[in-house]
Amino acid sequence: MTEAPRVKLVEAQFFERPVDFRFAFRFGAARVESAPQAFVRVRIEDERGRSTTGWSAEMMMPKWFDKNPALSPDDNVEQLRRSLHLAIEGLRSLKANTAFGLHAAAEADHHWATARHGLPGLVASYGLALVDRAIIDALCRINGVSAVEAAAGNLLGITDVTAPDLAGFDLPRFLSQMTPSSTLAVRHTVGLADALSASELEAGQRIEDGLPQSLDQVIAAYGHRTFKIKVSGRPAEDAERLVAIAAVLDRLAEDFRVTLDGNEQFESGEVVADLLDRIEKEPRLKRLRASVLFFEQPIARAAALSKSVAAIAARLPLEIDESDGDIGSFLQARELGYAGISSKSCKGFYRSLINRARVDKWNGEAGNARYFMSAEDLTTQAGLGLQQDLVLAALIDAGHIERNGHHYVDGMARAPRAEQAAYLAAHGDLYGNAAGRARLAVRNGEITFASVLRATGLGSAVEPDWASMAS
């Protein structure tokens, strides 16, 4: 293994590009029709005096990082901007270190600084995650390697310093043995307000952009066999909605797989149990129930990690998502009966790799595959943000990934045509050309992205058009 190079963050800027949705995305109590996408550009220097830039991108999704009803969507976006500013300030103040060493040195102070501003853990994670990814991208570029090669050779310098529970676990060996696949099944999101059949769409609701809108249209167009279904926390209504969804999915000749996502809408474990009881008693849900892999974050984060969920977890594996506010969250969740944790680039590249190592360690100790990770979406947009998230999903061996950005947003949205053309040229296995617009290419329910995994840097051979963004 080559010794991890030491670098220093010299400068960093961030930019924004607006993203308009084709139709509203409803999850939990939130209804979102537009949001900005943040882009970060950094410059690093190594100890040999070499310097280069790196980039990252992520949606600034309101009403997910902080669901305080007193805060407006604009307030939520401003929180994320604040987190980014604080992350940049913290990382720029550090002496040269490995890429992971910079992260490790900054993490605790960054969470402390954001807490002083009243920002919750997920908001804190966002800023640090974006700057971390841009540094990783720059480190790969300065060394002429892909992120897959950098991870396998541990050029990032990942250690157990932020996860002492991994002491004695061979992290370099774990990283070197990762074999990322260039194909992932796409888990389609069924939002709470999404039409299930084309017949439900009235004339004024139909969108004439050549893309599918209702669930049955989506399946016909993309060939999905994996789905993520949003539930509301109201068991009677959820059971009725699931029956309607099952009526569509039961038409599939092949087997399908489903995950449920509560988005924190269930007040307690008892309400979760109520929904499971209704599902198990309903004959029309027999096939759907047999296909469910796990239940993601049903209980509100304020209560999710307050008491044991073992009784529910004995019926269906439970996963945390919004409760994953820091590097220790999975440890706490495991003690209470949760078996899974989500991977999202907005929470941290390193956090996902460390949690994946924990899964490997715990399953090895247990002698079975009880613990798991899944790859989830934050309406991640085509281009830089999506491709960096795909690298991470491939590294953790996700197998399937929730992808919804291509469904709620048409292609690369407001990216200039020249930028879209560059992505089509460099990553033609991942995108299709729709009259000059780059759209994610989902074929037979899967995406292929070999060009992303081999690209020098963290997932992208294309530099965004900075002049088209607001700084």
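Q: Which residues are linked in a network of salt bridges?
A: Arg187, Lys228, Lys230, Asp261, Glu296, Glu376 and Glu402 are linked in such a network, where a salt bridge is a side-chain nitrogen of Lys or Arg within 4 Å of a carboxyl oxygen of Asp or Glu. This is a predicted model, in which local features need pLDDT of at least 70 and side-chain atom pairs count only at pLDDT 80 or more, while totals for chains, interfaces and linings use all residues. Residues are numbered from 1 along each chain as its sequence is written, and side-chain values use heavy atoms, with hydrogens and water left out.

Q: How many salt bridges does the structure hold?
A: The structure holds 38 salt bridges, and one of them is formed by Glu58 with Arg133, whose closest N and O atoms are 3.2 Å apart. That pair links distant parts of the chain, since Glu58 is in strand S3 and Arg133 in helix H3 (residues 121–143), 75 residues apart; helices (H or I, at least four residues) and strands (E, at least two) are DSSP runs, numbered from the N terminus.

Q: Are Glu58 and Arg133 buried or exposed?
A: Glu58 is buried, and Arg133 is buried as well; buried means under 20% relative accessible area, exposed over 50%, and partly exposed in between, with a 1.4 Å probe and protein chains only.

Q: OK, and what does the salt bridge of Arg301 and Glu264 tie together?
A: Their side chains meet at 2.8 Å, N to O. Arg301 lies in helix H10 (residues 301–304) and Glu264 in the loop between strand S6 (257–261) and helix H8 (269–281), so the pair ties together parts that are 37 residues apart in sequence. Arg301 is partly exposed, with a relative accessible area of 26%, whereas Glu264 counts as buried at 8% relative accessibility.

Q: And where do Asp274 and Arg278 lie?
A: Both lie in helix H8, 4 residues apart, which is about one turn of the helix, and they form a salt bridge whose closest N and O atoms are 3.0 Å apart. Asp274 is partly exposed, with a relative accessible area of 28%, and Arg278 counts as partly exposed too, at 36% relative accessibility.

Q: Switching to strands: what order does the open sheet of 3 strands have?
A: The order is S1-S2-S3, with antiparallel pairing, where two strands pair if DSSP finds at least two bridges between them. Strand S1 (7–27) and strand S3 (51–59) are the edge strands, each pairing on one side only. Between S1 and strand S2 (residues 30–46) there are 16 bridges, and Pro18 stands opposite Pro36 in S2.

Q: Which helix packs on the sheet?
A: Helix H14 (residues 384–395) does, touching S2 and S3 (contact means heavy atoms within 4.5 Å), and its direction makes about 95° with that of S3. Axes here are lines fitted to C-alpha atoms, for helices over the stretch in contact, and angles run from 0 to 180 degrees between N-to-C directions.

Q: Last topic, how many aromatic pairs are there?
A: The count comes to 15 aromatic pairs; rings of Phe, Tyr and Trp (its six-membered ring) pair if their centres lie within 6.5 Å, and planes under 30 degrees apart count as stacked, over 60 as edge-to-face and the rest as tilted. Trp64 and Phe65 form an edge-to-face pair, at 4.9 Å centre to centre and 85° between the planes, and both residues are buried.
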